[in-house]
Each structure stands twice: as C-alpha cells, then as structure tokens.
Amino acid sequence: MKRRQFLQWTGLTFAAGAVGACAPRVDTGRAGSPQPTDAEAFRAARRFAHLPFGDIAYVERGSGEAALFLHGAPLNGFQWRGAIARLAPYRRCVVPDFMGLGYSRVPEHQSLAASAQAAMLAALLDALAISTVDIVASDSGGMTAQLFMVRHPERVRTLLLTDCDTEPNSPPPKVKPAIEMARAGTLADATARWLTDKALARSTFGAAVFREPGRFADETIEYYAAPLVSSPLRRAQYHAFHLALEPNPLAGIAAELKRSRTPVRMVWGASDDIFPPADAHYLDRTFPHSQGIRFVPGAKLFFPEEFPEIIAEEAQRLWRVA
C-alpha cells in the first residue's frame, strides 16, 4: 500500500468516534462467567426507541439501576458487548447507537452535532423511564457524555471515561484527515472497502486502534461498517457526523466540569497516540471528584472492546459493587 493511501486509511480511525418495544433483559450470572455475545445475538437484541430525533437503536441487558454505554466512531453499541455481559448482574445496561452511526435511523436534516446527540440521550432515557444513570463512555462518546453531564448533572450518578476528547484536544489532530475525507465525500467509500477487504481493515484501522488487531473479527468489521454505507442517506450522515466535530464541541466546558460533583474515573490506553495520557491527566485535574486514572499498558483507543474485563472491574469499583 502506498504511503498516501495508508495515511488516508489510518485517518479513518480517528473520528472522535416513545419506545417501540423494550429489549429483553437477560441476567448473565456471575461476572466472571459471562454469556458470549456475538453479532447475531446482538442484532437479535436490538430494539428501537421512536423519538423526535428518529428511530434510535439500542440494546438493553440486565436489571436494576441503569448504566448508559456510549460508543466511539465509527463504531456502534456492539463495542460494549463484552462489558455488558459482565456488568448486567449489577446494572440495567442500555447501549444506544449514536445518530449518524450504527443502526439508528434519523431524518435527513437531523443535526448530528454532539449537542444534539446529548439531547437525544436525554429523550431516550425519558422514553425508557430512566431518571439517573452511571455513564461509561469512549472516544466521541466521551465528548457527548461530558456535554450530557453538564446539561443534566442530576441524572448522572458516576462517569467512567476511556480515551476520549477533552476541551484542549477536540478534535485531536489525527482526526483531521477523516474530517477532510468527509468534507471531500470520500470517507464512506474508503470505509466500504472494509467489507470486501477485511485484511485491509485489520492492517490499517485495526492496527491503529487495537493492541491486537488480529482479534478484529470479520463479523465485527461487518457489524460496524455495513450500516454506515448502506444507502446514500447513511453515507451522507456518516460524513455529516464527522463534519460536526468542528468547531470544538467542548469549547468553554472546563468551568462547568470544575463545578461537577459527579464521581469520575478514567481508564486509559497507555499507548494511545490519538488521546494520549496527557488527556487523562487533564480530566483528573479538572473534575473535582475524580477517582483517579488507571493506565492500561500497551492499550490503544478501542481497548474496551479487547479487554472488557478491565471495564467491568473499573465500573464495579466506581459503582462500589465489587
């Protein structure tokens, strides 16, 4: 692969990233023995909340107090399958797909900006009769989580953040190639190639965001990429999601975060060069009720998918259910 083409592909990596029916809640037993969740099972569990924003796809598992899991781009809620398999004994785990990503279906002119995503999450929780949540968030989902928390502080019990945007680093420099590809209208075409060349997806995208890209399975690539390029509208919305990452959606948020009373903990990939360790330290300094940072050796941006047991351990610690 030529250098320019490689850089274009790795640029894909760095995009931030009333209820129709209730999903069945399935208890998994002990956290150490979760039931496996493959793409077919996750697809079968998918439900849609019919909101003013559109039909928002989500999966729900477990019971009790609710936890909201927010994925990164260009992924969807499938990112959290391993974590919710371990955490369903302790929480009602709700895993939505953001507008413009995953399997949510939204109208052509719906805003896909982070502020609109935060408003959608509030409407989703209302539709599910959920008043308060513990939030677990990654990448661009962490950006939206911060906006949601400052808008609805009374609704957030705790916040667990993995590698994600911060006010000084949003969007990070390595997101810019993906934004420029979206502006040029080429990002969806490049992503579509993952469906016909999964080895390419692993050697470029996978190598950039996973410690062990060989674990990026064919069915996972399909589950992530297929909805993004499934129609002209979805391709346009995939581009629009990335274009909405500029200007900085977190501009001016620091003062509000410093007033937060929410317990927050960071779990961070020590080898992530998109959101480097300095971003975790920034959040630790900014949140007055920070519970500190756990760095994961060798881990990159999307390590929660590779090592869900770490997310489960840290969530239980933060929730005080371990």
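Is aspartate 139 buried or exposed? Aspartate 139 is buried, with a relative accessible area of 1%; buried denotes under 20% relative accessible area, exposed over 50%, and partly exposed the range in between, with a 1.4 Å probe and protein chains only.

The model is predicted, so local features are reported only at pLDDT of at least 70 and side-chain atom pairs only at pLDDT 80 or more, whereas totals for chains, interfaces and linings use all residues. Residues are numbered from 1 along each chain as its sequence is written, and side-chain values use heavy atoms, with hydrogens and water left out.

## Backbone features

Aspartate 139 belongs to strand E5 (residues 133–139). Helices (H or I, at least four residues) and strands (E, at least two) are DSSP runs, numbered from the N terminus. Although aspartate 139 is not a glycine, its phi is positive, at about 55°. Arginine 320 also has a positive phi, near 60°, and is likewise a residue other than glycine. Arginine 320 lies in the segment after helix H14 (308–319) and is exposed, with a relative accessible area of 74%.

One runs from alanine 73 to proline 74, with omega near 5°. Proline 74 is in the loop that lies between strand E3 (66–70) and helix H3 (81–87). The other runs from serine 170 to proline 171, with omega near -10°. Proline 171 occupies the loop between strand E6 (156–164) and helix H6 (176–184).

## Helix pairs

Axes are lines fitted to C-alpha atoms, for helices over the stretch in contact, and angles run from 0 to 180 degrees between N-to-C directions.

| Helix pair | Axis separation | Angle |
|---|---|---|
| H7 (residues 187–196) and H10 (residues 232–243) | within 9 Å | roughly 115° |
| H4 (residues 114–127) and H5 (residues 140–151) | within 9 Å | roughly 65° |
| H8 (residues 198–209) and H9 (residues 218–228) | 10 Å | about 85° |

The axes of H7 and H10 cross at roughly 115°, and the two helices are therefore roughly perpendicular to each other. Angles under 35 degrees count as roughly parallel, over 145 as roughly antiparallel, 65 to 115 as roughly perpendicular and the rest as oblique. H7 passes H10 in a right-handed crossing; a crossing is right-handed if the near helix is turned clockwise from the far one by less than a right angle, and left-handed if anticlockwise. On the H7 side the contact involves Leu187, Ala188, Asp189, Thr191 and Ala192, and on the H10 side Arg235, Tyr238, His239 and His242. Contact means heavy atoms within 4.5 Å. By class, the residues of this contact of H7 with H10 are four nonpolar, three polar and two charged. Here Ala, Val, Leu, Ile, Met, Phe, Trp, Tyr, Cys and Pro count as nonpolar, Asp, Glu, Lys and Arg as charged, and the others, Gly among them, as polar.

Threonine 191, located in helix H7, counts as buried at 0% relative accessibility. Its side chain makes a polar contact with the side chain of tyrosine 238, at 2.9 Å. A polar contact is a pair of N or O atoms within 3.5 Å; within protein, one must be able to donate a hydrogen and the other to accept it, and residues adjacent in sequence count only if both atoms are side-chain atoms.

The crossing of H4 and H5 is right-handed. H4 contributes Ala114, Ser115, Gln117, Ala118, Ala119, Leu121, Ala122 and Leu125 to the contact, and H5 contributes Met143, Thr144, Leu147, Phe148 and Arg151. The contact of H4 with H5 comprises nine nonpolar, three polar and one charged residues.

H8 and H9 pack at an angle of about 85°, which makes H8 roughly perpendicular to H9. Lys198, Ala201 and Arg202 of H8 meet Asp218, Ile221 and Glu222 of H9. This contact of H8 with H9 has two nonpolar, no polar and four charged residues.

In H9, the buried residues are Thr220, Ile221, Tyr223, Tyr224, Ala225, Pro227 and Leu228. These buried residues of H9 pack against helix H2 (39–45), H3, H7, H8, H10 and helix H13 (303–306).

Tyrosine 282 lies in helix H12 (residues 277–286) and is buried, with a relative accessible area of 15%. Leaving aside neighbours within four places in sequence, tyrosine 282 is in contact with Thr166, Glu167, Pro168 and Ala254. Tyrosine 282 and glutamate 167 are 115 residues apart along the chain, and their C-alpha atoms are separated by 9.3 Å.
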